[in-house]
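Please look through the model below before reading the notes that follow. The points are meant to be read with the structure open beside them.

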Amino acid sequence: MISEKETRKPRAPGELGFCLALLLFSLTALYLSYRISGFSSWSSAGSLPLGASLVMCVSSLVVVFGELDRPAPESAPDGTLARRFFETVFPARHVIFVFALIAYMFLLEPLGFIASSFLYLVAASLVLGERRYAHMIVLNALSLAAVYLVFRTAFSVVLPEGFVERLFR
Amino acid sequence: MNDILMNVTYFGMSFLDPYLMFLTAAGVFFGIYVGAIPGLSVTMAVSILISFTFKWGVNEALALIAGIYYGGVYGGSRSAILINVPGAPAAIASALDGYPLARLGEAGRAIGLTTVMGVFGGFIGVLCLAVGAPMLSSLALLFAPRDFMMLAVWGLLLVGSLSGGTVSKGIFAGALGILFGTVGLDPLTAEPRFTFGSVQLTAGAPYVAAMIGLFGVSEVLVQLHELSFPVVKQRVSKLLPSWRLIRKYLPLASRCSVLGVVVGALPGAGGDIAALMAYDHARRTVRNPERPFGEGAWEGIVAPEAAAVGSVGGCYIPMLTLGIPGDAVTAVIIGALYIHGLKPGPMLLLETPHLFWFTVGNLALSCVWLAIFGFMGIKLFARIVEIPKSSLLPMIVVLSAVGSYAIENNPVHIYWMLGFGVAGYFLKTYGYQVGPVILGIILGPLLDSNYRRAMISASNDPAQFVLEFFTSPVSLALLFLLTLTAFRGQKFERTEDR
């Protein structure tokens, strides 16, 4: 006989862990909210944060119990749940893409907007499987030039300057 | 008689002066692209432009700003429909059904319909500004803090119907947004809240970076799963919606335009809240949409667009008559009026009625330009979705990074953007919607300050606080509306469950 729990859609890999992390975050928020002004008054600076974090705690508890009521996710045939997580939820492409973005953030000021953005665009396009190299370089260079002109000239946004910008000065 | 003639002359001034016509047209055109580019806000564009208009006449400055305002509020829906990244907060609701329509290859007709309904909403807004400004402003004067608090709670009640999935996940997301909204110095006592000793956090949560991260970067990460999906060719050649389609949705657009005007006229509540409320109104009242809401319902783009553009006229009402900004853009416009030696408030209408009628006429002209530019350049813009995702997605990230950097020319905002982006990706993956988080961030400060003011006026006595809701007709009416919304929301959830 199949139980009601088994008929439900199984959890996604890492879903329960994420919901537990949100519960922990909510509890931390509740503690930090209490530290603002305690229960000193109904209109204290901490009253709304306390209320909001309390609502977060209760709702995330409800979510966690709801998740526990669903079947566990299937593991990879030859591996663990962690492997299944990196196969379906956060695959290698996502990891590399996010790391490329982190590198872009750190290179933005030392290299300047044009050089760092161009490097990022080319790297990210390659990660995403673009193999028409000439097409990719021309398209990225043109779009980057348009973005730079619109932001720098029309909207007067001060973008980080590097050696490329200095060449055109 | 002379006064009426003078007012009519000032109303028609923008239509007769070629320079003012040009400035309004340039503003609308520029505004549409500012609104459509994720990360660029109308507030930012207007703030930058104000520095250019210092030496201009007040009419010229107001003409350009009004054009940008209308264009920007409308333009946000273009990127919402085409790439699921709302260009402006007012377009958050438009993305919910606009993007599914684009995925069905209906981007052209969707943009055409939003243009028609947006322009319609804009004209309703202008009409309401001209006719109802004195009435609505006197009503808004009667609002007590508890009424503003109820308004914020009313907005938050939408969380349930916007969450799309589990109600508890929707409530969590809304509360999370409120918590982010309280980061920074407390507006009443200047006590630091969640600042962790950081000077930068005292100014509050980086709202724009959060919006870009939650809507831009997280969507890019979600799209990485769909790289192999064939690109849907958009039918942008068929821009003009059929008369049958327009006639069918005109009653809904009329209701939502009026809703937009009323919400826009309430200080602090702008096009974003108006659009979300209108979307919720459509979800609750439309019985048999052609497609379900969230899967490409035409009603899901008609309602928010008519309300968002309609709210612009509404936002001008408290600004011109009370000197209170309806939203962030009108707050900046108030600054522009001060720069030009004018003092917005009740005396403005008495001392300089010509300025009021010039503004009404200029807003009407902006709607005319919106109708013209709304149907132009869409083919070029729609080609964005036909660019391979391997090139498009990194470019969206660069645009988002520039938008975040432009807030304060500070790379820290890019870090925030990335943090919110990755968090948003996991939230979306595990069934939490990011819309309620943004709604919570927008409404958090409004709820915070007004709840506490109301509690202080009740001498911190919870019983007295509750009793005060029954002491004024305005509070009673709002309480009735609030209860009705909550009750109908529950009924709606039960129907959905079945």
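**Notes on the two chains**

1. Helix 10 of chain B, residues 243–265, has 23 residues and reaches 31 Å from its first C-alpha to its last, close to the 33 Å expected at 1.5 Å a residue. The expected span is 1.5 Å times one less than the number of residues in the helix. Helices (H or I, at least four residues) and strands (E, at least two) are DSSP runs, numbered from the N terminus. Helix 10 of chain B bends by about 45° at Leu250(B), and a proline, Pro251(B), follows within four residues. The bend at a residue is the angle between axes fitted to the seven residues ending there and the seven starting there.

2. On the source: this is a predicted model, in which local features need pLDDT of at least 70 and side-chain atom pairs count only at pLDDT 80 or more, while totals for chains, interfaces and linings use all residues. Residues are numbered from 1 along each chain as its sequence is written, and chains are lettered from A and ligands numbered from 1 in the order in which they are written.

3. Chain B contains 21 helices and 2 strands. Of its 498 residues, 60% are buried. A residue is buried if 20 or more other C-beta atoms lie within 10 Å of its own, exposed if 12 or fewer, and partly exposed in between, with C-beta atoms placed from the backbone. Helix 2 of chain B is mostly covered, with 14 of its 19 residues buried. This helix, residues 18–36, reaches 27 Å from its first C-alpha to its last, close to the 27 Å expected.

4. Two residues of chain B deserve a look at their backbone angles. Phe194(B) has a positive phi of about 50° although it is not a glycine; it is found in the loop between strand 2 (192–193) and helix 9 (207–223) of chain B. Phe194(B) is partly exposed, because 19 other C-beta atoms lie within 10 Å. Ser459(B), also not a glycine, has a positive phi near 55°, and it lies in the loop between helix 19 (435–457) and helix 20 (462–467) of chain B. Ser459(B) counts as exposed because 10 other C-beta atoms lie within 10 Å.

5. Chain A has 8 helices and 0 strands. Its radius of gyration is 24 Å, whereas a compact globule of 169 residues would have one near 15 Å; the radius is taken over C-alpha atoms, and the globule rule is 2.2 Å times the number of residues to the power 0.38. The C-alpha trace of chain A spans about 65 × 55 × 25 Å along its principal axes. Of the 169 residues, 25% count as buried.

6. Chain A is divided into domain 1 (4–88) and domain 2 (92–167), with bounds that come from an automatic or database domain assignment. The centres of these domains, taken over C-alpha atoms, are separated by 36 Å.

7. How many residues does each chain bring to the contact? Chain A gives 52 residues and chain B gives 49 residues, where two residues are in contact if their C-beta atoms, placed from the backbone, lie within 7 Å. On the side of chain A that touches chain B, the largest share, 12 residues, comes from helix 3 of chain A. The residues of that side divide into 33 nonpolar, 15 polar and 4 charged. Here Ala, Val, Leu, Ile, Met, Phe, Trp, Tyr, Cys and Pro count as nonpolar, Asp, Glu, Lys and Arg as charged, and the others, Gly among them, as polar.
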